Amino acid sequence: MLELKINGQAKQVDAEGDTPLLWVLRDTLGMTGTKYGCGIAQCGACTVLVDGNATRSCVTPAESVVGMEVTTIEAVEQDPVGARVVEAWTAGQVAQCGYCQSGQVMAATALLKATPKPTDEDITTAMTNLCRCGTYNAIAAAVRQAATA
């Protein structure tokens, strides 16, 4: 039994310690906003925040986040920065298929929390999630918009 802090709430989960956090979130807790993409931490669809840092949950053992705060897309708007990011995403109509967007939003939120006024280089460096639809320009524009809001 692991005790995890997810979106501000303590959760008791019956999972092996080496179970990827992604599967604990999706299968054990039913929080399906965090997506499975590649399973090897390359695409970023599974990005969540762990103590404010963008983290690829598909390769993060659940036991490694015990005692840390995990924030998922389900609660990102409870954070003022996350709310600005979601607002910019919506206003800019960033998503096409939308599959990668929860991970993109989480990565952008982590960036803006760490660097409130990022340069274009900061955005390029931080936003490494893959988007099969190629909305990279719209993603960067939304990050810039959220930074000025």
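**Terms and their grounds**

Guide: In this predicted model, the count of aromatic pairs comes to one. Tryptophan 23 and tyrosine 36 form that pair, with 5.3 Å from centre to centre and 35 degrees between the planes.

Visitor: Why is the pair of tryptophan 23 and tyrosine 36 called tilted?

Guide: Ring centres have to lie within 6.5 Å, and the two rings here are 5.3 Å apart, centre to centre. Planes under 30 degrees apart would count as stacked and planes over 60 as edge-to-face; the angle here is 35 degrees, so the pair is tilted.

Visitor: What makes the pair a tie between parts of the chain?

Guide: Tryptophan 23 belongs to helix α1 (residues 21-28), while tyrosine 36 sits in the loop between α1 and β3 (47-50), so the pair ties together parts that are 13 residues apart in sequence.

Visitor: Why is tryptophan 23 called partly exposed, and what about tyrosine 36?

Guide: Buried means under 20% relative accessible area and exposed means over 50%. Tryptophan 23 has 29%, so it falls in between and counts as partly exposed; tyrosine 36, with 34%, is partly exposed on these grounds too.

Visitor: Which residues of α1 are buried, and what do they pack against?

Guide: The buried residues of α1 are Leu21, Leu22, Val24 and Leu25, and they pack against β1, β2, β3 and β5. Just after α1, glycine 30 takes a positive phi of about 70 degrees.

Visitor: How do you know that methionine 31 is buried or exposed?

Guide: The relative accessible area of methionine 31 is 12%, which is under the 20% limit, and therefore the residue is called buried. Methionine 31 lies in the loop between α1 and β3, where, leaving aside neighbours within four places in sequence, its contacts are Ile6, Asn7, Leu25, Arg26, Thr72 and Glu74. Methionine 31 and alanine 147 are 116 residues apart in sequence, and their C-alpha atoms are 28 Å apart in space.

Visitor: What makes one face of strand β1 the covered one?

Guide: In a regular strand the side chains alternate between the two faces of the sheet. In β1 (residues 2-6), Leu2, Leu4 and Ile6 form the covered face, whereas Glu3 and Lys5 form the uncovered one.

Visitor: Why is glutamine 101 called buried, and what does its side chain meet?

Guide: Glutamine 101 has a relative accessible area of 7%, and because this is under 20% the residue counts as buried. Its place is in helix α3 (residues 101-114). The side chains of glutamine 101 and tryptophan 89 are joined at 2.4 Å, and since a polar contact calls for N or O atoms within 3.5 Å, the distance meets that limit. Not counting residues up to four places away in sequence, glutamine 101 touches Trp89, Val94, Ala95, Cys131, Thr135 and Ile139.

Visitor: What makes the radius of gyration agree with a compact globule?

Guide: For 149 residues, a compact globule would have a radius of gyration near 15 Å, and the chain has 15 Å, so the two agree. Buried residues make up 44% of the 149 residues, and of the contacts with a separation of 6 or more, 56% come from residues 24 or more positions apart. The secondary structure of this chain comes to five helices and five strands, in the order β-β-α-β-β-β-α-α-α-α from the N terminus on.

Methods. Residues are numbered from 1 along each chain as its sequence is written. This is a predicted model: local features need pLDDT of at least 70, side-chain atom pairs count only at pLDDT 80 or more; totals for chains, interfaces and linings use all residues. Side-chain values use heavy atoms; hydrogens and water are left out. Helices (H or I, at least four residues) and strands (E, at least two) are DSSP runs, numbered from the N terminus. Buried means under 20% relative accessible area, exposed over 50%, partly exposed in between (1.4 Å probe, protein chains only). A polar contact is a pair of N or O atoms within 3.5 Å; within protein, one must be able to donate a hydrogen and the other to accept it, and residues adjacent in sequence count only if both atoms are side-chain atoms. Contact means heavy atoms within 4.5 Å. The radius of gyration is taken over C-alpha atoms; the globule rule is 2.2 Å times the number of residues to the power 0.38. Rings of Phe, Tyr and Trp (its six-membered ring) pair if their centres lie within 6.5 Å; planes under 30 degrees apart count as stacked, over 60 as edge-to-face and the rest as tilted.
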